[in-house]
Amino acid sequence: MPWYRRKTMQAQYELDKKALGGLIPEKGNKTRILVLGSGFAGMSFIKSFLKNVKYDIAENLELFLITIKNYHLFTPLLYQVATGLVNEYHILDPVRIKTKKLDYRVIEAEIKEINIERKFVVTSLGNIAYDYLVIALGSVDNDFGIKGVKENAIPLKSAKDAIKIRSKIISSFERASLLDIGNPMRKSLLTFVVIGGGPTGVELVGAIRDYVKQLCNKYYSIDSSECRVILIEAANRLLLQAREKTAEKCRRILESRGVRVLLNAKVVAVEQDGVVLADGTKIESSNVFWTAGIKVNPVVENISDELVLKKKGRIIVDEYLRVQNYPYAFAIGDNAWVTSGSKLNPVPAMASAAVQQGEYLGKYLASILSNYTFKKPFVYKDFGLMLSLGRFKGIVEFPNGWVITGFLGWLIWRMVHLVKISTMRNKLGVMFDWAMALFKRRIVTRID
Ligand SMILES: Cc1cc2nc3c(=O)[nH]c(=O)nc-3n(C[C@H](O)[C@H](O)[C@H](O)COP(=O)(O)OP(=O)(O)OC[C@H]3O[C@@H](n4cnc5c(N)ncnc54)[C@H](O)[C@@H]3O)c2cc1C
C-alpha cells in the first residue's frame, strides 16, 4: 500500500476511534449489567438472563456485552478447522440477539483493565461504569516460559490459529512435493508434532493423522508412510483429567492409527527446525503445534491479589459465583475457581462447566434483581469426557467410569456437539462439512 494511502487510513482510524469513544453511553439511572467476554460462559449467561428476567424489572436495566470479537467461538470444533474438516465460519456464532425485553448492546472493544473497587472497566474505546459485573474472559495459551514456543510453535486457541495450522500443513506438503525422497528437508516437512497430551492435543493429533493420509492419497504423490505424526507429553500418561484406563485406551487407539505417542518426554525448547527434549533428543520437524496448557486471561491476572482472592490465577467465588468481598461482581467459566457443589474440586475449566455457570448466574441475577432471595447455590453436573480420535474412532468416559470407544463413541461425540452449536445455519454448515468429509472431501487450499 502506498505511504499516502496508509497515512489517510491511519488518520481515519484515529477519527473513528475518537468518535466511537464518544459513543460509549454514559451511565444514567438504569441499572447496568456489564458482561465481559462472549465465550461459553458469557453467552449462556446472557441467554439465561434474558429468559429469566421479569419484564417490569427489565425496563430499568441495560445489559452490555463487551467483547473483542463479535462472535462466539465454538472451541470444541477448532481442531476440525485446523485439519480441513470444517469451514471456520461454521464455528463462529453471532453474539447479537434481538430482544424487546431490555436494552441489550454489544460493544466490540478490547478490555484492558477491571477496576473492581470503583466499578468501571477500562476498554480500548474508553471507560465503562457498571452496577453489576460478570467476568467471563476465559483463558489464554501458556507456554510455561519454554524457549522458542511463542516463535516456532502454533497454538490452537482461536479461529486464526486453526487456519494457521491448516495453512502450515498444506504449505509443508507443497514444499515437500518438490523435494526428492530421502532429502532431510522433505522428512522435516512431513513430520507433524503436537505438544501436549490433554484433550485438545489428543483430538488434534488424531485428526492430523487422517488429514495427512488424505493429502498424501488424494492430492500429492507422497506415500503416507513417509509422514510422521508425533504426540509429545511430559507426564507418564495422556489425559490427566480422565481415568487411567481411558487414557491408556486413548493411547492405544492413537498408536493403532499410526500416531507415535511419546510419554515422559519433557520439551525444553522449540527451534525453527524442531523440538528439543530434556534428554537431548531433537525431533526435526517444520510443523510444531502447541496444546500444552492454558493460563488465566491477563486482564484477570492483573486485578490485584490484595483486592480479589485468586487460586492459580482464577478468581475464587462463593456458592453463588460471587467474587468475595464484591457481591455485585461475578466470575464464571475459566476465570472462576469454584469449589462448591461438585465432587470435582475445583470445577474444571471446560465449556460444559462454563455453560452451566452462565445459565445458573442468569437465573440467580434475574431473581435477586426482583428482590427474591435466591437460596439455591450453584451445583456442577459432571457429564464426563468425550473425545474424537479421528475417522470413526472416539472415546466417551461417563462419570461412573463406563467407557465407550470406537464407532459408537465417535457417533455420540458428533451428536452431542452438533446439538450444542447454537445457530441452525452453523449446524447445517457443520453437517454439510461432515458429510463431505465422509466422502474424503476436505478443505485443502490455503490463504495466508
Ligand atoms: C482448542 C480447544 C478445544 C476445546 N475443546 C473443548 C471441548 O471439547 N469440551 C469442553 O468442555 N471444553 C473444551 N475446551 C475448553 C473450553 O473452550 C473453555 O473451557 C471454555 O471456552 C471456557 O469458556 P469461557 O466463557 O470461560 O471462556 P471463552 O470461551 O474462552 O471466552 C472468553 C471470551 O472473552 C473474550 N475476551 C478475552 N479477552 C478479552 C479482552 N481483553 N477484551 C475483550 N474480550 C476478550 C474472548 O474473545 C471470548 O469471547 C476447548 C478449548 C480449546 C482452546
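**Ligand and cores**

Tutor: Start at the ligand: one of its nitrogen atoms lies 3.1 Å from a backbone N or O atom of Ile68. Keep in mind that this is a predicted model.

Student: Which backbone atoms lie 3.3 Å and 3.4 Å from an oxygen atom of the ligand?

Tutor: At 3.3 Å it is a backbone N or O atom of Ala349. At 3.4 Å it is a backbone N or O atom of Met350.

Student: How much of the ligand's accessible area does the protein cover?

Tutor: On its own the ligand has 990 Å² of accessible area, and the protein covers 85% of that.

Student: Which residues around the ligand come nearest?

Tutor: There are 29 residues around the ligand, and those that come nearest are Ala41, Thr75, Ile111, Asp334 and Ala351.

Student: And which helix gives the largest share of that shell?

Tutor: That is α11, with 3 residues. Both α2 (40-52) and α11 (351-369) supply at least two residues each.

Student: New topic. How many residues are in the largest nonpolar core?

Tutor: The count is 128. Phe45, Phe49, Leu63, Phe173 and Leu254 have the most contacts inside this core. Helix α8 (residues 199-219) provides the largest share of the core, 9 residues.

Student: Which domains does that core draw on?

Tutor: At least three of its residues come from each of domain 1 (15-68 + 109-141 + 295-369) and domain 2 (149-291 + 385-438).

Student: Why would nonpolar side chains be buried together?

Tutor: I can only give you the general pattern: in soluble globular proteins, nonpolar side chains tend to be buried together.

Student: Back to Phe173. What does Phe173 touch?

Tutor: Leaving out residues up to four places away in sequence, Phe173 touches Leu190, Phe192, Val212, Leu215, Cys216, Tyr220, Ile222 and Cys227. There is also a second, separate core of 16 residues, which includes Ala153, Ile195, Ile232 and Trp290.

Student: Now the backbone. Which residues other than glycine have a positive phi?

Tutor: Phe144 is one of them, with phi near 50°. Leu239 is another, with phi near 45°.

Student: Where are they?

Tutor: Phe144 is in the loop between β10 (139-141) and α5 (149-152). Leu239 is in the loop between β13 (228-232) and α9 (244-256).

Student: Is Leu239 buried or exposed?

Tutor: Leu239 counts as buried, because its relative accessibility is 0% and the cut-off for buried is under 20%.

Key. Residues are numbered from 1 along each chain as its sequence is written. This is a predicted model: local features need pLDDT of at least 70, side-chain atom pairs count only at pLDDT 80 or more; totals for chains, interfaces and linings use all residues. Side-chain values use heavy atoms; hydrogens and water are left out. A nonpolar core is a set of buried Ala, Val, Leu, Ile, Met, Phe, Trp, Tyr and Cys residues joined through side-chain atoms within 4.5 Å. Buried means under 20% relative accessible area, exposed over 50%, partly exposed in between (1.4 Å probe, protein chains only). Helices (H or I, at least four residues) and strands (E, at least two) are DSSP runs, numbered from the N terminus. Domain bounds come from an automatic or database domain assignment. Contact means heavy atoms within 4.5 Å. A residue is near a molecule or strand if one of its heavy atoms lies within 4 Å of it. A polar contact is a pair of N or O atoms within 3.5 Å; within protein, one must be able to donate a hydrogen and the other to accept it, and residues adjacent in sequence count only if both atoms are side-chain atoms. Accessible areas come from the Shrake-Rupley method with a 1.4 Å probe; for residues, only the protein chains shown count as cover.
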